[in-house]
Amino acid sequence: MPANDERWVDAEAGPVVRPYALTQGRTRHAGESFDLVATVMATPAALTEPAALAPEHMSVLQLARAPTTVADIASDVDLPLGVVRIILADLRELGLVAIRRPVVMAERVDKHTLREVLNGLRGL
Amino acid sequence: MDYGVSDPAGGSPRSSTQHRAIKILLAGGFGVGKTTLVGAVSEIRPLRTEEPLTEGSLRTDSTAGVEGKTTTTVAMDFGRISLRSDLVLYLFGTPGQQRFWFMWDELAIGALGAVVLADTRRLADSFPAIDYFERRAIPFIVALNCFDGARRYDTEDVRMALDLDPDLPIVLCDARSKESAKDVLIALVEHVLMTASEEPVSGIV
């Protein structure tokens, strides 16, 4: 099972799947959990190039320069969702991204938004 | 660089350009055309998830012979439809098998509603999805994908076979056609609007 890319993980690290090497073997992220369509956006603090970020963290941060979602980022960087979540939580801890729950998340989608969706679909 | 959402006054980052993301779930048995439908109406995007096997899934997944396996991989697609600059619809095709319900639970939170895509030749494949949405009171409709060569059923026969409420919409569709896929989504949103009028505050997630 060990592949060449797993050089960062020593024998004591136990069996981890390769992408989780990027997260130092962590499979759970810190802090409040966030939805697949939660909005992610880089904070002004991210403007000053943070030096000590891993390449994957940098890639994720770049994608968040315009508002996007967790799912979009995961698709763009082609990393498993679990890994992307950990990277995002790391960036959040560093104050480099803000992750906001979807507006409609708290409750059912309100009628006004439903009508907007309906009109949008009809206009496609 | 446009940071759009942040408020120049330094207040909450909720004002000006709110980025609103709406989720719709697309469920149904394997090979029923979920990916086809998503692709017909939206820009389709691949998503990889690699979830650690929890004790729960270890009980249901047979791991005999692969005891070293600590993660399970789920590949899924989602589609993105930009309705307006600040309003984006996300379609998530959910893997049909019951063991993927850990994904469904996450996807279902805050979702607008769901479409159960069914094939009349294998109606039973849609039972788990219907059951799931009924139990969680998530509004849904049933869309019958009319495969070439599939016998056309009367929607009322299907309603009986699936034991569906009389007011639950059943629509016929061709998952390959953009217009048809669009009509399915419209039928869902109309249904949700109707349900919303009847039940003033459902508020459950």
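A residue counts as buried here if 20 or more other C-beta atoms lie within 10 Å of its own, as exposed if 12 or fewer do, and as partly exposed in between, with C-beta atoms placed from the backbone. By that rule, 34% of the 205 residues of chain B are buried.

Before you click on, some ground rules. This is a predicted model, where local features need pLDDT of at least 70, side-chain atom pairs count only at pLDDT 80 or more, and totals for chains, interfaces and linings use all residues. Residues are numbered from 1 along each chain as its sequence is written, while chains are lettered from A and ligands numbered from 1 in the order in which they are written.

**Stop 1: chain B.** Colour chain B by secondary structure and you get six helices and seven strands (DSSP runs numbered from the N terminus: helices are H or I with at least four residues, strands E with at least two). Along the sequence the order is β-α-β-α-β-β-α-β-α-β-α-β-α. Take the contacts in chain B with a separation of 6 or more: 70% of them join residues 24 or more positions apart. Contact means that two C-beta atoms, placed from the backbone, lie within 7 Å.

**Stop 2: Leu117(B).** Select strand S5 of chain B, residues 113-118, and pick out Leu117(B). Leu117(B) is buried because it has 26 C-beta neighbours inside 10 Å. Leaving out residues up to four places away in sequence, its contacts include Leu26(B), Val32(B), Leu37(B), Ala143(B) and Ala175(B). Now draw a C-alpha to C-alpha distance from Leu117(B) to Val189(B): 15 Å in space, for 72 residues in sequence.

**Stop 3: chain A.** Over in chain A you'll find four helices and three strands, arranged β-α-β-α-α-β-α along the sequence. Of its 124 residues, 40% are buried. Among chain A contacts with a separation of 6 or more, 66% are between residues 24 or more positions apart.

**Stop 4: the core.** Show both chains and select Val70(A), Val97(A), Ile24(B) and Val115(B), the residues with the most contacts inside the largest nonpolar core, which has 82 residues. Such a core is a set of buried Ala, Val, Leu, Ile, Met, Phe, Trp, Tyr and Cys residues joined through C-beta atoms within 7 Å. Helix H3 of chain A (residues 81-93) gives the most to this core, with eight residues. Centre on Val97(A): beyond its neighbours within four places in sequence, its contacts include Val40(A), Met41(A), Leu61(A), Leu88(A) and Leu91(A).

**Stop 5: H2(A) against H3(A).** Select residues 70-77 of chain A for H2(A); its axis lies 9 Å from that of H3(A), at an angle of about 115° (axes are lines fitted to C-alpha atoms, for helices over the stretch in contact, and angles run from 0 to 180 degrees between N-to-C directions). So H2(A) is roughly perpendicular to H3(A) (under 35 degrees is roughly parallel, over 145 roughly antiparallel, 65 to 115 roughly perpendicular and the rest oblique). Val70(A), Ile73(A), Ala74(A) and Val77(A) of H2(A) meet Leu81(A), Val84(A), Arg85(A) and Leu88(A) of H3(A).

**Stop 6: H1(A) against H2(A).** Last, select residues 55-63 of chain A for H1(A), which packs on H2(A) at about 130° with the axes 10 Å apart. These two helices, H1(A) and H2(A), are therefore oblique to each other. Show Glu56(A), Ser59(A), Val60(A) and Leu63(A) in H1(A), which meet Ile73(A), Asp76(A) and Val77(A) in H2(A).
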